[in-house]
Structures are given as structure tokens and as C-alpha cells.
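Please look over the sequence and the structure shown here before reading on.

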Amino acid sequence: MQTEKIQKPVQAQRPRLSFWQIWNMSFGFFGIQYGFGLQQANMSPIFRYLNADESSIPALWLAGPVTGLLIQPIIGAMSDRTWSPRWGRRKPYFLIGALITSVALFLMPNSSTLWMAASLMWILDSGLNVSMEPFRAFIGDKLNEDQRTIGFAMQSFFVGFGQTLANLMPRILPLFGLTMVATGTNAIPDITRWSFYIGAVAIVAAVLWTMYTTDEYPPEDMAAFEREKREGGGIFKAFAEVGIALREMPPTMRQLWWVKFFTWYGLPLMWQYLSLAIARHAFNAPTAQSPGFERGIEVGNDCFALFNVGCFGVSFFLPAIAKRIGRRETHALFLTLGGLGFISLLLGSDKNAFLIGMGLVGLAWGSILSMPYVMLSSSVPQERMGVYMGLFNGFIVVPQIINMITVPFLYDSVLGGDPRNALILCGICLLLAAGACFLVKETRRSEQAAFPIEPGGN
């Protein structure tokens, strides 16, 4: 309807990009996801090294969803309204976020107290969110509808690749003489410390590569853009744009709410409790002082690495699967596999049970990072791509906030104070999300818009 009338003329002017052009424009995402990988695999252990209680860990993770909720829609709206012939539209936000993240990554492993680590978590997440949202909108800016699936799949690849590399640092860095022994001023091991230092450099370098190799298109209606710029309004106008976008939210976006709610109420439990569950059940190490705790953290990183290998391994198969069976059916299938992967952790306490289960969850992660965005991007107007991608992030962060408020009350009672039970709850949530996929109503027209390529094309 009106959304499509606005969008179609813009799409006709976007040339097809080569594989390597899409690779270059997505490469900065690799650095961002290396940072996310370090955070996801290491923050709960860091909090435990600094004497945090297990039940308080979800509250310590509140930084991510809260900063995402506040920052991403505003950055999305501001980047929609930004243009510089030299710096572009989204690229200034890539760089600012990367620099903030780099500083936080460097300081984090030097935290001397729990409050210092928790404070740096807020700074780290703020920087990651400033960079993250414009990269999502970047796909809508640069690619025609028929290339967006491969664009989001490329981002899924770099999510998996970046996070896998971060997770493999405990295996790579010992080759250079580093160990799980802490030689600094706190109990954080040297391997963790140097992983964060490398991440601080990697995120800036990766973002600079994308900025150097990729140009951006100017606004379609430059006269209207310049007029708005002269009128001013800045961040207040960005807030107003967020309000208008909320009122005019496309039906497909509304229907995706329950899919995202169940997915993202459950997933934080994985980052919060996987390594702790492995340490407790596979190595009989329930506390950070227990012998074998470091070994549990190492295997946790192995699990996250396998999880991310599954993500980037499946990412380029998703377009073909979705073309054959449909987007929502594809997403439901992979969410089901992920849910079963978590529930399978009840079948044994050996480390291999965790590795196999997380391999299945990784397949779901590849779909989570791409399929909902493909469904969304063909339903929103081009000139509001940034703000809607930011608002869609609210569908991710609001469930996480609810998780982090409610789980501390459930942990010792409903979950029995056992981190593995938290992972089973995550599996149940993914199965509910799979069922919610069928609440999303997609028309034949929207399917054709997203997948117009006949077999054999690219």
C-alpha cells in the first residue's frame, strides 16, 4: 500500500552490488561482533571473579537492553537525518560507536571492583549499540530488495565469524604463552585481559575498513533534506520521528512482536548462565574459587565458538531454504532446532552434551539474526529504514529487560538455583517463539518482493 508506493521508486535506483562490495560494506560488523562475542562469553565469569552472586547476574546485564532501548531508535532517526559528502550517512555513527567500545574493552579487564565492571558494561553496550543499528539500516540503504537477503546473511556470517574468533581466544592465545593465570591487579585471567585488548583494536580497524571501501548514497530528495536541516530540531526532531514511526508501524512489524518477545526473553539466559552451568555440571565447580572453574569457562568459550560456527555456516543456506518453504516457516524451523538444543542439555552432564546442544542452538542463531530483518525490511518505507530498525531493536531489548527484572526472583525458587535449568527455560522460550511465527501474515506480494530471484540466480 502506501509504504510500498514510497519505497519502490527508491529501490529502482539502487544498482546491484558484487559479492565483494557486500563483503566490504559488512566487514565493520565483524569488529562489532568480536566485541559482542567477548562480552557474551566473558562478562558473567568476570562478574563472578569480582564476587557477584549468581542470582544477581541478570541485573548486572541490564546495561545491554536498556542502552539498546534508549540509543538505537534515536541513533536510527538521527542517522536517517544525517548527510555529509565526506563522511556519509551511517558511517559517522559506526566510527563514534567503535571508538567508545574500544575504550571500554581496554578498561574492562582492569576492573578492580564489581561496580567498576558493571559501569564499564554500560559504556561498552552504549558504544556497541551506537555502531550496531546503523549497520542494519546500511543494508536497506545500499541494497535492492532482491539483494537484502544476502546482505543480512552476510551480516549473520560476520556475527558468527567475529564471535567465534572471540570465543576461540582461550585456545589461540596460549600459543603465544598466555594462560588462565591472573597476573594483573585482579582475579581476571591474562587470556581474558588480552582478548579484550585485541578486541579494542579489532573493532576500530574493521569499521575503518568499511568506511574506506564503501560509499553511501545521498538522500533521494536533497532539496527536502536541506530544508529540514535548515529548520533544525536535531535530537528533538529525532524523538518526534520515533513517535510518528510508532503510530504508523507496519502490520508485519507488529505481528513479529511475540516472535521476538519469546526469543529474547529466553536468549539472555544463555549468555548469563552457559559457562556457569558447564563449570557446575561438567567440572563440579559451582563457584569461581572451585577447582575446575577456569576449565568450565574454557569449555563455555568452546561452546560459544561452535554456536557461532553453526550461525555463519547456516547463514548462506537460509535464502535458499526460505525461498523453498517461506520465511516464517524457515524461522520457525530453526527456532525449534534451537529450543531442542537447549532442552537436550538435560540428557547428560558431560561437556560433549553442551557442545552438541549449542551446535543446534547456533543454527537457530543464524536465523534469528537475519530472517526477522528480511521480513521487516520489505514492509517499511525507505526513508524511515533507520528509525524502524532502531524501533525493531526495542522488540529485542524490552523482553531482555523483563528477563533481567524477573529472573532474579525465579532463580532460586522456580529454577532451583541451577544455571542449567535457566538454559532449559531458554529452550522452552524458543519453542514458543517458533509457534508465534505463524501469527505473522505474509502476502504473496511481500514474498515476491523479498525473493524475486529464480533458481540459479544470485
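## Basis of the report

This is a predicted model, in which local features need pLDDT of at least 70 and side-chain atom pairs count only at pLDDT 80 or more, while totals for chains, interfaces and linings use all residues. Residues are numbered from 1 along each chain as its sequence is written, and side-chain values use heavy atoms, with hydrogens and water left out.

## Helix 6 and helix 7

Helices here are DSSP runs of H or I with at least four residues, numbered from the N terminus. Helix 6 covers residues 114-142 and helix 7 covers residues 145-167, and the two pack at an angle of about 155 degrees with their axes 9 Å apart; axes are lines fitted to C-alpha atoms over the stretch in contact, and angles run from 0 to 180 degrees between N-to-C directions. The two helices are therefore roughly antiparallel, a term for angles over 145 degrees.

Where the two helices touch (contact means heavy atoms within 4.5 Å), Phe135, Arg136, Ile139 and Gly140 of helix 6 meet Arg148, Gly151, Phe152 and Gln155 of helix 7. Of helix 6's 29 residues, 23 are buried, meaning under 20% relative accessible area with a 1.4 Å probe and protein chains only.

## Helix 16 and helix 17

Helix 16 (residues 327-343) packs against helix 17 (residues 351-368) at an angle of about 155 degrees, and their axes lie 7 Å apart. This pair, too, is therefore roughly antiparallel.

From helix 16, Thr330, His331, Phe334, Leu335, Leu337, Gly338, Gly341 and Phe342 take part in the contact, and among their partners in helix 17 are Gly357, Met358, Leu360 and Val361. By class, the contact of helix 16 with helix 17 has 10 nonpolar, 6 polar and no charged residues, where Ala, Val, Leu, Ile, Met, Phe, Trp, Tyr, Cys and Pro count as nonpolar, Asp, Glu, Lys and Arg as charged, and the others, Gly among them, as polar.

## Two buried residues

Ala63 lies in helix 4, which covers residues 63-80, and counts as buried because its relative accessibility is 0%. Leaving aside neighbours within four places in sequence, Ala63 is in contact with Met121, Trp122 and Asp125, and its C-alpha atom is separated by 8.1 Å from that of Ala118, 55 residues apart along the chain.

Asn403 has its place in helix 19, residues 385-410, and at 0% relative accessibility Asn403 counts as buried. Not counting residues up to four places away in sequence, Asn403 touches Pro58, Tyr265, Pro268, Leu269, Gln272 and Pro408.

Terms used:
Buried < 20%, exposed > 50% of the residue type's maximum accessible area, 1.4 Å probe, protein only. Parallel < 35°, antiparallel > 145°, perpendicular 65-115°, else oblique.
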